[in-house]
Amino acid sequence: MSRVRTGNAGEKLRTAVEMSGDDSLKTRLNTSISPTDAHAIDVKYHKSCWTAHVFHPVRDATKTRNTLMEHPLQKASLIELINLVDVQTQQQAYLPMDSIETTYLNMLGPDGLENHSPTFTRKWLKEKILTEVPSVKSVPRTDRRKSSVLYSPDACEEGMVHCAIASDDDSVTQMKAIYKSAHVIRKVITDFTKKDKPSTAIPVSSNIDDVPAELYTLIRWIMVGPVQDLENETRTSAVDRAALTVSQNIMFGFKSDRQVKYKPSSDMKTFRPQHMRGNPQVLGLGLTVHHDTRSKMLMSLLNSQGHCVSYGRTLLLETALANAVVQNTRQFQGLYVPPFLKTGAFVFLAADNTDFAEDTADGKGTTHGTITAVYQKADVPGEPIAPPLVIGDAKSLSVTPYHVDVLHCDKPKPQPIHRTEDFVINEVGVSESYQLTQLGWIVASAISRMKEGGQSSKIPGWAGYYSLLSAGQSVTQVGALPLLPEVAHEWPTLLTVIMQASQLRYLAVGDDHPTVISFDMALYEKVLQLLDARPNLKSIVVPRLGELHVVMAALRSLGASMENSGIDDAWIEADVYGSATTRQILKCNHYKRVLRTHIYSYVALYEIALDEFFMDNPYLREACLEATEGVEAACSKGNKCTKAESVKEANITLLEALATAEVVKQFKEWETER
């Protein structure tokens, strides 16, 4: 006999007695002061009795409760996986447990794995499969480091799950099964709708929680049927996205029993849409289409097919958004602060004019405005400056009045130029590592095209190749201030935009940082004049020319240096470009064409030079040939993620080969001799 500690043993004993239903035990336990205090009556137990009558029953009851709390998506995934294992083992397949586990986790998704009950383990999954499919056996591999293999010794077709379904030729029975399924799904949708709570935000990003798991699983099964092969992540994601889209459309088109039984006053009336069933699919599509096209006819067409909300509902949503923005401006004295902005993280701004494509009889009365964009990194720490927008339910298209006071500003007088800043020029030039990287792509491209047989190179162009080498950039959040209904190039408008940008910068980082704001070339020149006339602003505002205009200025300079150099004549003589197009390229009147022309010319000239260089130094070509073949093989892979990693490794090998053979040094010496 052993004493039982009463730290938690008394509670377990009471639970076991209640589960047993034995009145004598209940009477014995009630003689204690408290039902959970077994020590008060000096209870003693054999260890074996305690294990058999208390420990195991309480543990099994806990397992049963956990099983009842399983998520419907978990049950559906398990059923589908068991069917897959049954089908493939009956076809004499040998399934490793690691592959089965990967397929099950892909079916669950991240959310399903996180909410798995009980906690997922490979042992639990294996026991479930062996219990549900008795014909399947598990055998260990010779290499104990590898997972065990499931197979069916008998391989009998009578045990296949899908054959039992396919063998039913009774159409009436099948129709009854479909009717029962529809009834279950309708009940699930009705209960799911009742659980939805009104939100102060407009959801436009959908996930599995936006639809009932039963409906989602049914649509997925209809689309791909019982899984016939172990799935990979890419194919699973494509099916999941399609099933989620169809499920949300069904939710939007669902008619309640009350709607079905209602007798309209006219036969021409249809069903009244229920806004409570608006989901990210129909809301996001409606807002996107209206934002991009402003077409009432297109939105009405999509709405009639059940793909998005109506045109009128979209206008009400946009009105509610506008009113929420106006409410935000009242908290900051007329300045709109995007809710994603955080304190302690730097912000960049850009301003430009925005003109609407309007056509009036006399060309007057068209709309011109100024828009300001705000940029901030998404993964920075800090507290939000403004609370989230409170988006209500607009009843009309009336927008709360909003007005921005445009600051008065006269045309600045020309200021004498007194430059006191010291301009520093980088005398080092382009780094050797960058030159080596550029030469690596050129060498690989040139050698791959110099091969016998005239096969096209599998190495992508300059931009495509470096997109595979570059690391992923952090996400930047972008917001826009309300449209300023003033012409951008007017002096008062420019001053107002600069002051708004300075206020946002102050809210984000205080006075310790300047206000950095980008303009196009026309506005940039006027802002410089404005800042020269206002020294107090010049010390805290840093105007910046937009990246596009910087590149175009550099390309114009490059075109001026190439004019009458013979290269422009070569374009015309080779019938690559006409004379008019050549003049456009030299003056950079067509950005994409100019950039493409300079890259092609750069590569063509280098290929000619490298061909001659390798003819004079054949041993260097052999040193680069093997590494180039590795780069070409890596670029020909189909999987995007795998291709990027393979190209990075092959590029490192190529650069090491170039550095070891001192190709850059010898190429420079060869150029000097020539």
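Reply: Thr329 is a place to begin: this residue is buried, with a relative accessible area of 3%. Buried means under 20% relative accessible area, exposed over 50%, and partly exposed in between, for a 1.4 Å probe and protein chains only. The model is predicted, so local features need pLDDT of at least 70 and side-chain atom pairs pLDDT 80 or more, while totals for chains, interfaces and linings use all residues. Residues are numbered from 1 along each chain as its sequence is written, and side-chain values use heavy atoms, with hydrogens and water left out.

Me: What is the place of Thr329?

Reply: Thr329 sits in helix 14 (residues 311-330). Helices (H or I, at least four residues) and strands (E, at least two) are DSSP runs, numbered from the N terminus.

Me: And what does Thr329 touch?

Reply: Leaving aside residues up to four places away in sequence, Thr329 touches Gly334, Leu335, Tyr336 and Tyr402. Contact here means heavy atoms within 4.5 Å.

Me: Now the whole chain. How many helices and strands are there?

Reply: The chain has 26 helices and 10 strands. Of its 674 residues, 35% are buried. Among contacts between residues at least 6 apart in sequence, 73% join residues at least 24 apart.

Me: On to helix 23. Which of the residues of helix 23 are buried?

Reply: They are Val594, Thr597, His598, Ser601, Val603, Ala609, Leu610, Phe613 and Phe614. What covers them includes helix 15 (432-449), helix 20 (547-562), helix 21 (567-573), helix 22 (579-587), helix 24 (618-635) and helix 26 (663-673).

Me: What span should the 26 residues of helix 23 have, at 1.5 Å a residue?

Reply: Helix 23 (residues 591-616) should span 38 Å, and its end C-alpha atoms are 38 Å apart, which agrees. The expected span is 1.5 Å times one less than the number of residues.

Me: At what angle do helix 15 and helix 23 pack?

Reply: The angle is about 70 degrees, and the axes are 10 Å apart. Helix 15 is therefore roughly perpendicular to helix 23. Axes are lines fitted to C-alpha atoms, for helices over the stretch in contact, and angles run from 0 to 180 degrees between N-to-C directions. Angles under 35 degrees count as roughly parallel, over 145 as roughly antiparallel, 65 to 115 as roughly perpendicular and the rest as oblique.

Me: How do the residues of the contact of helix 15 with helix 23 divide?

Reply: They divide into 10 nonpolar, one polar and two charged. Ala, Val, Leu, Ile, Met, Phe, Trp, Tyr, Cys and Pro count as nonpolar, Asp, Glu, Lys and Arg as charged, and the others, Gly among them, as polar.

Me: Which residues do helix 15 and helix 24 bring to where they meet?

Reply: Val443, Ala444, Ile447 and Ser448 in helix 15 meet Cys624, Leu625, Thr628 and Glu632 in helix 24. This contact has five nonpolar, two polar and one charged residue. The angle between helix 15 and helix 24 is about 90 degrees, with the axes 9 Å apart.

Me: How far apart are the axes of helix 5 and helix 6?

Reply: The axes of helix 5 (residues 97-114) and helix 6 (residues 122-132) are 11 Å apart, and the packing angle is about 95 degrees. Met97, Asp98, Ile100, Glu101 and Tyr104 in helix 5 meet Arg122, Trp124, Leu125, Lys126 and Ile129 in helix 6.

Me: Where is Pro118 found?

Reply: Pro118 is in the loop between helix 5 and helix 6. A cis peptide bond, with omega of about -5 degrees, joins Ser117 and Pro118.

Me: What about backbone angles elsewhere?

Reply: Most residues other than glycine have a negative phi, and most peptide bonds are trans. Arg294, although not a glycine, has a positive phi of about 55 degrees, and Glu662, also not a glycine, has a positive phi of about 55 degrees.

Me: Is Arg294 buried or exposed?

Reply: Arg294 counts as exposed, at 53% relative accessibility. Arg294 lies in the loop between helix 12 (280-293) and helix 13 (296-304). Glu662 is in the loop between helix 25 (640-660) and helix 26 and counts as partly exposed, at 41%.
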